[in-house]
Amino acid sequence: MKRRAYGLLVGVALMMGVVAVVASLTLGEGLKDPDGSLGPSWFRLPMMVVGAFVVDVVPRSLWRSRRRMSSFGTHAKSIIDEHWTRQRIGLVVVGLVSFYVTYVSYRNLKNFLPLVNDSKTHDLLLHSFDKAIMFGQEPAIVLHHLLGENVAAHVLATVYLLFLPISPASLIVFLVWSRNISYGYWYATSQCLAWALGTVSYYVLPTLGPNFAFPFLYTDLDVTGVKSLQDSLWWGRQDVLNAPLTTDSIQSVAGFASLHVGIVLTLALVTHYTVRHALIRWGMWVYFGLTVVSTLYFGWHYIADDLAGAAIAVVSVWLGGLATGQKFERHGRGSHPTTSTASVPVLDEDEDEQDRAPVPTE
């Protein structure tokens with residue numbers, strides 16, 4: 001008996017899509033395809049795949065042909081036959097479409113948030129929690145005094161803004177280059193789960209975030225790209241609140257839980273489980289740590305937001321791993337795949353020993 005590794009992935013995407021459509025019809029608001037710094041999702045994701053395909057095939061073909069262009073085509077075809085199998089193409093298509101539906105639905109449901117809850121937020125509650133666990137101190141002010149408000153602001157702004165390309169780029173990397181097909185499904189499923197659970201958290205405990213609720217705490221920081229982004233998001237929110245039926249803006253202000261923390265921790269965890277090179281694994285953990293600091297330093301999130309984001313990541317990676325045939329071991333410190341394809345063995349009493357054994361990676 002087998003099940004498909006992409007079952008949960010497709011299910012999450014469908015659920016998010018249906019909820020977004022129902023919310024749109026109920027509120028009388030049209031769905032929008034959010035634009036990013038690299039263009040709309042429907043354009044930049046396929047273009048990133050095309051870029052990954054070129055980067056995968058061209059350099060290796062040149063290396064194998066030893067720059068003899070007469071044999072370039074033969075080697076390129078060989079590489080495509082080896083790596084771009086039906087299973088790989090299926091992973092890329094299912095992963096991209098599911099991510100696109102999930103992410104666009106997430107952005108639209110985030111856009112609808114102030115229209116559903118009448119802009120009621122719980123910032124005072126989470127701000128009080130921050131001060132309680134920091135013995136009366138403001139987390140952001142502590143970080144400003146510790147790290148400074150000039151050079152550190154620019155460094156941490158770079159860290160924070162890196163998330164914008166890293167989130168889709170990391171998906172492309174796992175879809176195109178994961179040495180085991182199930183690893184690609186694992187990361188795509190985990191990331192989509194994190195977006196979905198984060199959306200739920202916005203509606204369970206809506207907040208603006210410290211910078212928007214208590215802006216006076218951040219006025220002494222150097223002006224960076226983060227400040228520009230925060231101003232843009234705030235005015236976009238005002239457009240949606242004041243002219244929801246006519247504006248093209250998308251409301252993107254929401255604090256609880258931190259999906260910067262959630263998505264980056266998801267990436268760090270799946271990298272830890274699947275990537276062999278220690279330097280890459282440690283690099284992901286350092287990036288995660290700096291991301292946590294940046295969310296507090298600039299007032300994007302409360303400490304509770306970051307804790308919730310981390311919890312979402314752990315749950316998403318665990319559920320994604322189970323759904324895609326990963327076997328956790330050593331009390332969760334390691335794992336191994338039980339499949340190298342999109343088919344995951346379902347263990348039962350009638351299954352033979354061959355089906356129970358882990359399948360070698362590609």
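A residue counts as buried under 20% relative accessible area, as exposed over 50%, and as partly exposed in between (1.4 Å probe, protein chains only). By this criterion Y106 and W195 are both buried. The structure is a predicted model, in which local features need pLDDT of at least 70, side-chain atom pairs count only at pLDDT 80 or more, and totals for chains, interfaces and linings use all residues. Residues are numbered from 1 along each chain as its sequence is written, and side-chain values use heavy atoms, with hydrogens and water left out.

Aromatic contacts were examined next. Rings of Phe, Tyr and Trp (its six-membered ring) pair if their centres lie within 6.5 Å; planes under 30 degrees apart are stacked, over 60 edge-to-face, and the rest tilted. The structure holds 18 such pairs. One of them joins F53 and W84 edge-to-face, at 5.1 Å centre to centre and 65 degrees between the planes. F53 lies in helix α2 (residues 41–65) and W84 in the loop between α3 (72–83) and α4 (86–116), so the pair ties together parts 31 residues apart in sequence. Helices (H or I, at least four residues) and strands (E, at least two) are DSSP runs, numbered from the N terminus. F53 is partly exposed, at 29% relative accessible area. W84 is buried, at 12%.

Y106 and W195 form a tilted pair, 4.7 Å centre to centre with 50 degrees between the planes. Y106 belongs to helix α4 and W195 to helix α8 (residues 181–204), so this contact ties together parts 89 residues apart in sequence. Ring pairs also link Y106 and W195 into a cluster with F99, Y103, F163 and Y202.

Helix α8 is mostly covered, with 20 of its 24 residues buried. From first C-alpha to last, α8 reaches 35 Å, close to the 34 Å expected at 1.5 Å a residue. The expected span is 1.5 Å times one less than the number of residues.

Strands pair if DSSP finds at least two bridges between them. Strands β4 (residues 326–329) and β5 (residues 334–337) run antiparallel and are joined by 4 bridges. K327 stands opposite H336 in β5. The hairpin has 4 residues between the strands, and R330 takes a positive phi near 50 degrees.

V54 is found in helix α2. V54 is partly exposed, with a relative accessible area of 38%.
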